[in-house]
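Hello,

Here is the structure you will be taking over. My notes on it follow below.

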Amino acid sequence: MMLFLQLTLAACAPTTEPISVAINSSESSLVRVCPASTHDAEPPSFTALNCVVAALKDVNPQSQHIWVLYKITVAASERERLIGLRISAKASSLAYLNGKWLGANGNPGDDANSETVGKMDAVIAIPQRLLKV
């Protein structure tokens, strides 16, 4: 699974209390989903006709590559904490934030031999320089 995250929050000095932005399939939030390929060099525009809107809980990355656009806003009271993207999925994933490379959990592949399996639950730190105000 390839994951693209559009995050909207203020850039503030971090403290020692972490906060995770959870992308959890039990949520009913609406996301945009587009087909993907391991050859994609960057996220798509998410406006193509083959992109669909779906409930996050219905997105299934198994046996396919997909891009998922998920927009969130973190409450002002949480903005001074360390921010991390928590991914809980049976899929390796690549994460982008506001169009910039964020990190990976494993490495997606076209088959079991070419995939590097990621952890079931992973947290990728979000650098302050990638945040939007």
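**Aromatic pairs and some loop residues**

The model is predicted, and the count of aromatic pairs in it comes to two. Tyr 96 is buried, at a relative accessible area of 10%, whereas Trp 101 has 47% and is partly exposed.

Asn 98 sits in the loop between β7 and β8 (100-105). Asn 98 is not a glycine, yet its phi is positive, at about 50°. With a relative accessible area of 15%, Asn 98 is buried; the limit for that is under 20%.

Phe 46 is another non-glycine residue with a positive phi, in this case near 65°. Its place is the loop that runs between β3 (30-35) and β4 (52-55). Phe 46 counts as buried, with 4% relative accessibility.

The last item is Ser 92, found in the loop between β6 (82-88) and β7 (93-97). Its relative accessibility is 2%, so Ser 92 counts as buried. Which residue does the side chain of Ser 92 join in a polar contact? The partner is the side chain of Glu 115, and the contact is 2.7 Å.

Regards

Technical notes
Residues are numbered from 1 along each chain as its sequence is written. This is a predicted model: local features need pLDDT of at least 70, side-chain atom pairs count only at pLDDT 80 or more; totals for chains, interfaces and linings use all residues. Side-chain values use heavy atoms; hydrogens and water are left out. Rings of Phe, Tyr and Trp (its six-membered ring) pair if their centres lie within 6.5 Å; planes under 30 degrees apart count as stacked, over 60 as edge-to-face and the rest as tilted. Buried means under 20% relative accessible area, exposed over 50%, partly exposed in between (1.4 Å probe, protein chains only). Helices (H or I, at least four residues) and strands (E, at least two) are DSSP runs, numbered from the N terminus. A polar contact is a pair of N or O atoms within 3.5 Å; within protein, one must be able to donate a hydrogen and the other to accept it, and residues adjacent in sequence count only if both atoms are side-chain atoms.
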